[in-house]
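Reader: I would like to go through this structure and ask what the terms rest on. Please set each value against its definition.

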Amino acid sequence: MAEEFYRVGTIVNTHGIKGELRIIPITDFPEERFKKGAKLFLRQSGKKDKKFVVESSRKHKNFILIKFEGYDNINDVEQYVKSELFSDNEVKPELNDGEFFYSQIIGLTVVDPNLGEIGKIKEIMELGPNDVWVVKGPKYKEVLVPYINDVVKKVDLDAKRVDVEIPDGLID
């Protein structure tokens, strides 16, 4: 098996009775990552990694519904709910200006000119028209920063820093 794995999603529930699983994608390009024939690995604590091949996938609300080859019944897949999915290959298509890979953003320090350092980006959630960055730090437990021009002013990958202007009411 490959040495380096990339976390690409979390299985949050089953969907229907024919073996589909509801996934929260944690990847830059879910259409590429979960396409038919893609190989994914499931990790559960205390167990050996399990390899799956995607039979089909489709977008459903803010989730990806995925079916693995050879798993045709809800009873076959229920045991995998609350597990993490990983891939052993990194998908890196060309990006436009202002676009970033999740792996480039996670871990950056978020700074506001008035509030100072907010914390580090720990997670990216895909919610409708824009992503939301989950920022955690010692001063603030958790701050949800929408990735929009009014809030995110500058992303400096070299300095590992994101300059933001947090609007009133975003932090309690």
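Reader: Where does Gly16 lie?

Author: Gly16 is in the loop between β1 (6-15) and β2 (20-25). Helices (H or I, at least four residues) and strands (E, at least two) are DSSP runs, numbered from the N terminus. The model is a predicted one, in which local features need pLDDT of at least 70, side-chain atom pairs count only at pLDDT 80 or more, and totals for chains, interfaces and linings use all residues. Residues are numbered from 1 along each chain as its sequence is written, and side-chain values use heavy atoms, with hydrogens and water left out.

Reader: Why is Gly16 called partly exposed?

Author: Buried means under 20% relative accessible area, exposed over 50%, and partly exposed in between (1.4 Å probe, protein chains only). Gly16 has a relative accessible area of 48%, so it is partly exposed.

Reader: Why is Lys61 called exposed?

Author: The relative accessible area of Lys61 is 66%, so the label is exposed. Lys61 sits in the loop between β4 (50-60) and β5 (63-68). Its phi is positive, about 55 degrees, although Lys61 is not a glycine.

Reader: What makes Lys82 count as exposed?

Author: Lys82 counts as exposed because its relative accessibility is 74%. This residue is in the loop between α2 (74-77) and β6 (84-87). Lys82 is not a glycine, yet its phi is positive, near 75 degrees.

Reader: How do you know that β7 and β8 pair?

Author: Two strands pair if DSSP finds at least two bridges between them. β7 and β8 are joined by 4 bridges and run antiparallel, and a hairpin of 3 residues connects them. In β8, Glu117 is the bridge partner of Val111. β7 is also joined to β12, by 3 bridges, and these two run parallel. There Val110 stands opposite Val162 in β12.

Reader: Which way do the residues of strand β7 point?

Author: In a regular strand the side chains alternate between the two faces of the sheet. In strand β7 (residues 109-112), Thr109 and Val111 point one way, Val110 and Asp112 the other way, and all are buried.

Reader: What makes a set of residues a nonpolar core?

Author: A nonpolar core is a set of buried Ala, Val, Leu, Ile, Met, Phe, Trp, Tyr and Cys residues joined through side-chain atoms within 4.5 Å. The largest such core here has 19 residues, and Trp133, Val145 and Val162 are among those with the most contacts inside it. The largest share of this core, 3 residues, comes from β8. A second, separate core of 17 residues includes Phe34, Leu40, Ile64 and Phe68.

Reader: What makes an open space a pocket, and what is the volume of the largest pocket?

Author: On a 1 Å grid over the protein atoms alone, a pocket is an open set of points where a 1.4 Å probe fits, with protein on both sides within 12 Å along at least five of seven lines; a cavity is a set from which the probe cannot get out. Grid points are joined across faces, edges and corners, and a volume is the space filled by probe spheres set on the points. The volume of the largest pocket is about 340 Å³.

Reader: How many residues line the largest pocket?

Author: Its lining has 17 residues, and those nearest its centre include Glu99, Tyr102 and Asp131. Lining residues have an atom within 4 Å of a point.
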